[in-house]
2 protein chains.
Amino acid sequence: MILEVAEIRVKRGHDEEFIDGVADAMPLFLRAKGCHGISLHKVLELQDVYRLVVKWDTVEDHTVHFRNSSEFTEWRRLVGCYFEAPPVVTHLEQLLEASVPA
Amino acid sequence: MILEVAEIRVKRGHDEEFIDGVADAMPLFLRAKGCHGISLHKVLELQDVYRLVVKWDTVEDHTVHFRNSSEFTEWRRLVGCYFEAPPVVTHLEQLLEASVPA
């Protein structure tokens, strides 16, 4: 499992429209090949900056299959107008994990 | 719930010792006030760069309680020698989440 992390700076004052757009776009990701889930986070220390985290089976499920799909075009149509700059994207491979027992 | 994300650049060639040190240090986090879990990830696009993600009830559980604890001192004793530079730390608040049904 791979995590895509897209850091997105949103145009000042467009936070609500951006968040609503991401909520509307979530089904586009959830039905994509290899996608297991998506979440949106606010970076507390940085004004206007969000991180979108998407779980994929492989890097290529994101960079090849999703980016070349009509779902990607639709994703950008819904939220791209609120981006202040192109998202900065990295991919993470989990090496270790531990949880506190519930 | 808050996510602490610490981006850590490791001294070239010390990846294995760093990962082993994080594995050894995990119990220090898991017994800390407000901690729910911890994971370590490799940033695939950036050589030597890792992200440590820790789930806390509040930002202060990390920045006040943990950083002023003996567990933090021990954490830095175990792995601090492998840091190429001070970690870059941000805190995330989750706004949206959706998963593909299993």
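Mentor: The model is predicted. With these classes, the lining of the largest pocket divides into 16 nonpolar, 10 polar and seven charged residues. The volume of this pocket is about 740 Å³. Of its 33 lining residues, the closest to the centre are Leu3(A), Val53(A), Lys55(A), Leu3(B) and Val53(B). At least two residues of the lining come from each of β1, β2, β3 and β4 of chain A and from each of β1, β2, β3 and β4 of chain B; β4(A) gives the most, with six residues.

These strands belong to a barrel. Eight strands close it, with antiparallel pairing, in the order β1(A)-β3(A)-β2(A)-β4(B)-β1(B)-β3(B)-β2(B)-β4(A). On average, neighbouring strands of this sheet are turned by 35° against each other, direction ignored. Within chain A, β1 (residues 2-9) and β3 (residues 49-56) run antiparallel and are joined by eight bridges; Val5(A) stands opposite Val53(A) of β3(A). Helix α2 of chain A (residues 59-66) packs on the sheet, where it touches β1, β3 and β4 of chain A, and its direction makes about 155° with that of β4(A).

Val5(A) also lines the second largest pocket, as do Val5(B), Arg51(A) and Arg51(B), among others. That pocket holds about 250 Å³ of space, and its lining divides into five nonpolar, two polar and five charged residues.

Note on methods
Residues numbered from 1 in each chain as written. Chains lettered and ligands numbered in written order. Predicted model: local features only at pLDDT ≥ 70, side-chain atom pairs only at ≥ 80, totals over all residues. Heavy atoms only, no water. Pairing = 2+ DSSP bridges. Helix = DSSP H or I, 4+ residues; strand = E, 2+ residues; numbered from the N terminus. Axes fitted to C-alpha atoms, helices over the stretch in contact; angles between N-to-C directions. Contact = heavy atoms within 4.5 Å. 1 Å grid on protein atoms, 1.4 Å probe; cavity = no way out; pocket = protein on both sides within 12 Å on 5 of 7 lines; lining within 4 Å. Points joined across faces, edges and corners; volume = space filled by probe spheres on them. Nonpolar A, V, L, I, M, F, W, Y, C, P; charged D, E, K, R; others polar.
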